[in-house]
Amino acid sequence: MQRIVILEENQNYIILGPRQAGKSTLIKAKIRPKDLYINLLPNAEFSKYSKEPSRFHAEILQHYYFK
């Protein structure tokens, strides 16, 4: 089954849903090289941000404002 999803450009999205629903496939199809993509599924990534939540904010600022 093909899903039709329209995402407006220059907007922020949080994609939530059950396993195997196509969330990662959707993001990988829509993401551009200049976009910031953070995947919290790998334990190392989740742990990194859990131990130091301010790091998430700092990385967003670094990516979008201090290039």
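Start by selecting E9, which counts as exposed at 59% relative accessibility; here buried means under 20% relative accessible area, exposed over 50% and partly exposed in between, with a 1.4 Å probe and protein chains only. The model is predicted, so local features need pLDDT of at least 70 and side-chain atom pairs count only at pLDDT 80 or more, while totals for chains, interfaces and linings use all residues. Residues are numbered from 1 along each chain as its sequence is written, and side-chain values use heavy atoms, with hydrogens and water left out.

R32 and E9 form a salt bridge, with the closest N and O atoms 3.1 Å apart. A salt bridge is a side-chain nitrogen of Lys or Arg within 4 Å of a carboxyl oxygen of Asp or Glu. This pair links distant parts of the chain, 23 residues apart: E9 is in the segment before α1, and R32 is in the loop between α1 (23-30) and α2 (43-51). Helices (H or I, at least four residues) and strands (E, at least two) are DSSP runs, numbered from the N terminus. R32 is partly exposed, its relative accessible area being 29%.

Next, go to helix α2 and select K48 and E45, which lie three residues apart there, about one turn of the helix. Their side chains form a salt bridge at 3.3 Å, N to O. Both are partly exposed: K48 has a relative accessibility of 22%, and E45 has a relative accessible area of 25%.

E59 belongs to helix α3 (residues 54-65) and K48 to helix α2, so the pair ties together parts that are eleven residues apart in sequence. E59 counts as partly exposed, at 24% relative accessibility.

E45, K48, R55 and E59 are linked in a network of salt bridges. Across the whole structure, a search finds five salt bridges.

The last stops concern the backbone. Most residues other than glycine have a negative phi. Select N10, in the segment before α1: this residue is not glycine, yet its phi is positive, near 60°. N10 is exposed, with 66% relative accessible area. Then select Q20, also placed in the segment before α1. Q20 is not a glycine either, and its phi is positive at about 65°. The relative accessible area of Q20 is 76%, which makes this residue exposed.
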